[in-house]
Amino acid sequence: MTILDEIIAAKRKEIKEYQGVESTSVNGFPGKFRLAERLRDGRGVIAEIKRASPSKGNIRIDVDVAEQAKIYERAGAAAISVLTDELYFKGSMADLEKVARLVSVPVLCKDFIVDSVQIDRAKNAGATIILLIVAALEQRELEKLYSYAQAKGLEVLVEIHDREELDVALKLGAELIGVNNRNLKTFEVSLERTAEIAGHFPDSGDSLLISESGIFSESDASYAFNKGASGILVGEALMRSADAGAWIESVTSSEVEK
Ligand SMILES: O=C(O)c1ccccc1NCC(=O)[C@H](O)[C@H](O)COP(=O)(O)O
């Protein structure tokens, strides 16, 4: 059983408490508020609020979420990701709501979604993007949740781990495809995964590749961008950085060697 299996099993139990929640509006978010638009020029950073994780334990458990979000936005983050899982990541929907009220960049609800009720909760809290993990869902569930989120006007980041899952994401018509560099059995991270997926990624421009996890240095970021990622999703490095704003500014700068 992988950590992902364990988290998903816990999530399926947890969501029973949420029945009855419905999202309040179905409007989509305007152009500049869409992550896909913001990533079109490449070198976008999706900056994550991550208090803790199964692989690292506590990272910055007492972070001032509002302060951290302001730093990310000021530095030019393309979007802010908020881990909302409580059991394994010590996050919350309250964290997401705090961020969404404060910033005017897209906000990703980073959770393990297995039911539409979680999409409603995310939207109610102010998320503009949700995450769907191919490895966590049956094909029919994935299609259903994808359509549901789209009908609610949300963007969907479809997370994959290998080429087989890339095909699933492409068949779905996903605009935002994230390759997770973390092996969820061993927690080992390898940016080679991004390179491998980028090598098979269509260059039609219909879909955008985002490299997720294990990006710690500016050279890791450059590596992912140079391999073809339009965006990178960074959690731990930014949470531990003494100057997260400078980190973001530096990796997004067009002066950086391409
Ligand atoms: O971070 C973990 O340990 C983890 C374990 C199991 C499932 C998911 C996990 N992380 C969620 C994420 O997707 C990351 O927070 C995100 O990609 C940022 O990763 P990093 O920059 O390495 O903190």
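Helices (H or I, at least four residues) and strands (E, at least two) are DSSP runs, numbered from the N terminus. With that in hand, let's start the tour. This is a predicted model, where local features need pLDDT of at least 70 and side-chain atom pairs count only at pLDDT 80 or more, while totals for chains, interfaces and linings use all residues. Residues are numbered from 1 along each chain as its sequence is written.

First, select lysine 90, in the loop between β4 (79–83) and α4 (93–102). Lysine 90 is not a glycine, yet its phi is positive, about 60°. Lysine 90 counts as buried because 20 other C-beta atoms lie within 10 Å (buried means 20 or more such atoms within 10 Å, exposed 12 or fewer, partly exposed in between, with C-beta atoms placed from the backbone).

Next, go to serine 213, in the loop between β9 (208–212) and α9 (218–227). Serine 213 also is no glycine and has a positive phi, about 80°. Serine 213 is buried, with 26 C-beta neighbours inside 10 Å.

Stay here and show the ligand: 19 residues surround it, and the closest are Ser53, Ser55, Ser213, Gly235 and Glu236 (a residue is near if its C-beta atom, placed from the backbone, lies within 6 Å). Two or more residues of this shell come from each of α1 (3–14), β10 (231–234) and α10 (236–240).

Finally, select alanine 77. Leaving aside neighbours within four places in sequence, alanine 77 is in contact with Val45, Ile46, Ala47, Tyr72, Val105 and Ile248 (contact means C-beta atoms, placed from the backbone, within 7 Å).

Note on methods: Contact = placed C-beta atoms within 7 Å.
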